[in-house]
Amino acid sequence: MKINKDLCDICGTCPSVCPVEAIKIKEFEVLIDNEKCKKCQNCVKICPVQAIYEQQEAKEPSQSNLSKETNFISKNEIKHPIEYDAIVIGAGPAGSVAARFLAENGCSVLILERDREPGIPVRCAEGVSHNGILPYIEIDERWISATIDGARLHSPNGDSLDMYNNGTGYVLDRRVFDRSLADLAVSKGAILQTKADAVGLLRDSENKIIGVKYRHENSFIDVRSKIVIGADGIESQVGRWAGFDTCLKLSDLEICCQYTVNNIKIEKHLCQFYFGKEVAPGGYLWIFPKSETQANIGIGIAGIKSLPGKGPRYYLDKFMEKHYPQASINYMIYGGVPTRAGNDFVRQNVMLVGDAAHQVNPITGGGTVQAMMGGHYCGETAAKLIKQGNITEKSLKKYNEKWENRFGQNQRFMYALKSKFFGFDDNKFNSIVSICKKIPRDDFNLQSLFKETIKEDPILLAQLATAFLVSKVTK
Ligand SMILES: Cc1cc2nc3c(=O)[nH]c(=O)nc-3n(C[C@H](O)[C@H](O)[C@H](O)COP(=O)(O)OP(=O)(O)OC[C@H]3O[C@@H](n4cnc5c(N)ncnc54)[C@H](O)[C@@H]3O)c2cc1C
Ligand code: SF4
Ligand code: SF4
């Protein structure tokens, strides 16, 4: 397999579908180890820009060095005698919140961030709920682009429905938001090292994980820690180094493409969603306003639905041409969203959090708030056990329990629902919108939805009930 570097957007998605860990992201480059590659074609299928292709000629010598470099295991070779209580890899919402809870509770923490600044590049539609972020950061106009109080759902037949009682939300400026979360962690005592690309875990002679090796500019640096936290997003190399099964099935991955556009006219307080197999097969298309003339317009389609020449950008361009032909595109991003409901986040003294732990809402793909909540549970649990000197895999698994108690059932329901929802034909989406329209705005809740669904579409109700039961009995 070969990467066309001119096309690759370094979106981080392909390592998450490789069953043999043949793909690594090294600083600003994606590398494939062709000695490991089994030619399953998963990466070729999901790459949103078709940057991966089958290599005809023999492998390049530079790539054969990959496993030596990135699977580094150092046996008692620490160059720098620095030791922290915890090292957090990744300064996204998950990593910054985990680091903040550790630092706040008196632990020494080093955050390693590959990019030159947290929050850049933005790979997100930037929608969050007010209640979700409130516990973690004081609301600040600097990182709010728009305040949202409603959602418009568009069914495939052109019908639409406005919903208004889901509470307040925001479309963020994540560059500023992520930076603010990292600053908060630093203000509590965490140390943030940017341009620091973690390249492997350090292990002692008994194979116990004792820290992290990272590259900073042209040097490799070894740092010891009692705990390592992998907050390194969808591509989570930390997870793979520690022995987690992080490989996603193509059906558990949404491949996304998004334009931030200007020169449109839009209702600033309303997010919009479009469904249907012609618009977004196995996913949905969103419009998240940033002002009355600017918005994030993006699409996620299921990995299994992506075909050569018919990836997310194909559908997005079709939509733009139809609805906003006059829009000017400021910038474009690609990215992947894991839609599997993770529930096991600990191996030895390594904890995963956020997208790395698949703590995303499987149906909406929203993961910012869940990453922060995961960071909270992870950081708080780790801090308590560090202080008690009780760091074992078993004790750290209290973090799994906290997550399970708060999210387990809900995540399983959402996952089971996702499997049904994205398999619906267009008639079913039309039916959902028409059922919801019959419910008075002020009376919109789960009970009234179920009541109306029994009357209008008992089969749909049976499908929702099955999803609920599946979530109850699977764990
Ligand atoms: C197109 C798209 C739209 C989305 N829209 C929304 C939305 O509207 N609302 C919502 O809630 N969620 C949305 N999400 C999901 C959301 O962006 C993620 O769930 C969220 O960012 C997860 O936070 P995180 O901290 O776990 O990971 P990330 O935000 O991905 O942060 C991981 C960090 O780790 C760093 N890193 C990775 N590897 C290394 C390494 N080896 N060494 C050092 N640093 C490393 C990365 O540079 C990055 O800064 C969207 C995702 C996509 C792709
Ligand atoms: S999936 Fe993303 S990271 Fe991988 S080759 Fe394609 S654009 Fe690059
Ligand atoms: S073809 Fe399959 S095995 Fe080879 S790099 Fe791509 S995902 Fe990995």
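Two strands are said to pair if DSSP finds at least two bridges between them. The strands themselves are DSSP runs (E, at least two residues), as are helices (H or I, at least four residues), and both are numbered from the N terminus. The structure shown is a predicted model, in which local features need pLDDT of at least 70, side-chain atom pairs count only at pLDDT 80 or more, and totals for chains, interfaces and linings use all residues. Residues are numbered from 1 along each chain as its sequence is written, while chains are lettered from A and ligands numbered from 1 in the order in which they are written.

**View 1. Overview of the protein chain.** The chain holds 14 helices and 22 strands. Of its 475 residues, 47% count as buried, that is, with 20 or more other C-beta atoms within 10 Å of their own, C-beta atoms being placed from the backbone. Contacts join residues whose C-beta atoms, placed from the backbone, lie within 7 Å. Among contacts between residues at least 6 apart in sequence, 72% join residues at least 24 apart.

View 2

**View 2. Strand 19 and its partners.** All eight of the eight residues of strand 19 (295-302) are buried. Ala-295, Ile-297, Ile-299 and Ile-301 lie on one face, with Asn-296, Gly-298, Gly-300 and Ala-302 on the other. Eight bridges link strand 19 to strand 16 in the antiparallel sense; within this pair, Gln-258 has Gly-298 as its bridge partner, and Cys-257 stands opposite Ile-299. Strand 18 (284-289) is also antiparallel to strand 19, over six bridges, and Leu-285 is the bridge partner of Ile-299. Strand 18 and strand 19 form a hairpin with five residues between them.

**View 3**

View 4. Strand 7 is joined to strand 11 (169-172) by three bridges, and Val-128 has Tyr-170 in strand 11 as its bridge partner.

View 5. Of the 39 residues around ligand 1, Gly-90, Gly-92, Gly-335, Gly-354 and Gly-367 come nearest; a residue is near if its C-beta atom, placed from the backbone, lies within 6 Å. Elements that each supply at least two residues of the shell include helix 4 (93-104), strand 16 (253-262), strand 20 (328-338) and helix 9 (368-388).

**View 6. The surroundings of ligand 2.** Ligand 2 is surrounded by 14 residues, and the closest are Cys-8, Cys-11, Cys-14, Cys-47 and Ala-51.

Note on methods
Buried ≥ 20, exposed ≤ 12 C-beta atoms within 10 Å, placed from the backbone. Contact = placed C-beta atoms within 7 Å.
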